[in-house]
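Please look at the sequence and the model shown here before reading on. The questions and answers that follow are meant for a student who is new to reading structures.

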Amino acid sequence: MIPQALGDCTALEHLNLSHNAFEGPIPNTLSKLQNLQEMDLSFNFLSGSIPLSLRRLKVLQYMNLSFNNLSGQIPEEGLFPNTTVMALLMGNRGLCGPQYYSLPACPKESKGKNSLLRNIVLGIIAFILCSLILGTVWRQKFSRQQFRSSNFIFGSLRYPKFSYQDLETATNGFDEANLLGVGIFGSVYKGNLSDGKVVAIKTLDLQNEEAHKSFNTECKVLESIRHRNLTRIISAFSYPGLIGLVLPFASNGSLEKHLHPDRDELDCCELGLSERLKIALDVAHGMEYLHHDCSPQVVHCDLKPGNVLLDSDMTALVTDFGISRLTTSTANSRDLPSTTTFALKGSIGYIAPEYGLGGSVSTKGDVYSYGILILEMLTRKRPSDDRFVGDMNLPKWVRSAFPERIADIVDSRLLKDVNDSRCLVSFMNVGLICSSESPGERPSMRDVARALESLRASFMRSATASNLTVNHIRSPTEYHS
């Protein structure tokens, strides 16, 4: 247990007891540490409620209580409602509290004295039994120096568990040779499980506080989505020093790798117009599901080629939901309550312009990102290309040549014959309209998916079709002179 006498160290400013095996309650005496600026008690076995006395810590700027066994109501006064204090609480399934913590509401107390007394007695009995059982299990595990996660349960679904040793063996000790990519929140490794299955193991940087939020958000999204064009979850794990996800491995890598390959991978970018059109349609179907058919509705907030994976048969999968937003709004709702600060955590060049002007996060922001993705697929120019400076950006650059000089800007691999050129005009038209400056001028992802279905069907049906048009989306000339 954490010693009560620790509260006598009144000059203490930084307290880090994370990743140990502390049990029992958080001592009330910690409230005496009036000089305490940071406190990290994460990844222990602390139980009971969060002491109300901690509200007295006036200079505390960082407090991490995540991944313990804390329960009960989160205090609603003192430091806790203060947004400048990073109270990390994830991984404590027994906590309840106000909505801004995204936790279940606390049950109302029983008014009857007999009922209250009965609940207290039953609670004490359950606590004693659980303490005896869990205490024995924990000691056995620590004596073997093995850390195993419990099965993660999302809704009614149960996911398999993997020990730390399972993941370490699968990645050969998280060797760099198995590193698939590195992002702002962590790294992704290729893993070979003992049953022969190949997976992607996404680990999060525990030193990055935003990574905890990203992990929590991604878990919430992945539990609610089921679609062939969205990545799915195999399992999630949390150990002292390591949290993350086990995901299916996409053998053909990301769309980013195909559009912008390294010098030693130039043979991987041979995507013809038909393949690019299919990939765009797959992504459209995935985004259509998130916006219109998923409950709760999901706004991805970071759609880009690096977050589109290609499996063994080149089916596209939208991935990385770390900064997504969930809402109970209807599919027809345009705007979701949010802050611009959150919205701007997307990737530069793919962020909708209204976010920079204080606009709310919305499905139309995803549509803009999708439009940029299409234009990048067709031109193989990143929106961050050096040529785009000042007021010039990728959509404006494409519009300056559309449609008469399309051959000057499109990827030369797509200029095979005149029939491809006709399809290119219609395909690029979709990208231009989706990336319109005004959110109101952008179509819904449902309209986009239907338009691309029609376009691809016409393209595949007849290579000599002379009128490949997009019936569900208006021409960009209606908006741009």
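Predicted model: local features only at pLDDT ≥ 70, side-chain atom pairs only at ≥ 80, totals over all residues.

Residues are numbered from 1 along each chain as its sequence is written, and side-chain values use heavy atoms, with hydrogens and water left out.

Q: How many helices and strands does the protein have?
A: Helices (H or I, at least four residues) and strands (E, at least two) are taken as DSSP runs and numbered from the N terminus. Counted in this way, the protein has ten helices and 19 strands.

Q: What percentage of the residues of the protein count as buried?
A: A residue is called buried under 20% relative accessible area, exposed over 50%, and partly exposed in between, using a 1.4 Å probe and protein chains only. Of the 481 residues of the protein, the share that counts as buried is 49%.

Q: Over how many bridges do β12 and β13 pair?
A: Two strands are said to pair if DSSP finds at least two bridges between them. Strand β12 covers residues 186-192 and strand β13 covers residues 198-204. The two form a hairpin with five residues between them, and Gly 196 in the turn has a positive phi of about 90°.

Q: In β15, which residue is the bridge partner of Val 199?
A: Val 199 belongs to β13, where it stands opposite Gly 191. Strand β13 also pairs in the antiparallel sense with strand β15 (residues 242-248), over five bridges. In β15, the bridge partner of Val 199 is Pro 248.

Q: With which residue does the side chain of Lys 202 meet in a salt bridge?
A: In an unreviewed entry, UniProt lists Lys 202 for "binding site", with positions given in the numbering used here, feature names shortened, and annotations that may be inferred rather than shown by experiment. Contact means heavy atoms within 4.5 Å, and, leaving aside neighbours within four places in sequence, the residues in contact with Lys 202 include Ser 187, Phe 237 and Asp 320. A salt bridge is a side-chain nitrogen of Lys or Arg within 4 Å of a carboxyl oxygen of Asp or Glu. At 2.7 Å, N to O, the partner of Lys 202 in such a bridge is Glu 218.

Q: How many residues apart in sequence are the parts that Lys 202 and Glu 218 tie together?
A: The salt bridge joins the side chains of Lys 202 and Glu 218. Because Lys 202 lies in strand β13 and Glu 218 in helix α3 (residues 209-224), the parts that the pair ties together are apart in sequence by 16 residues.

Q: Is Asp 282 buried or exposed?
A: Asp 282 forms a salt bridge with Lys 278, the closest N and O atoms being 3.0 Å apart. Both lie in helix α5 (residues 273-293), four residues apart, which is about one turn of the helix. Lys 278 counts as partly exposed at 24% relative accessibility, whereas Asp 282, at 5% relative accessibility, counts as buried.

Q: What is the relative accessibility of Arg 442?
A: Arg 442 forms a salt bridge with Glu 354, with the closest N and O atoms 2.8 Å apart. Glu 354 is buried, with a relative accessible area of 12%. Arg 442 counts as buried too, because its relative accessibility is 3%.

Q: How far apart in space are Pro 51 and Ile 26, C-alpha to C-alpha?
A: Pro 51 lies in the loop between β4 (45-48) and β5 (62-64), and Pro 51 is buried, with a relative accessible area of 7%. Not counting residues up to four places away in sequence, Pro 51 touches Ile 26, Asn 28 and Pro 75. Although Pro 51 and Ile 26 are 25 residues apart in sequence, their distance in space, C-alpha to C-alpha, is 6.9 Å.
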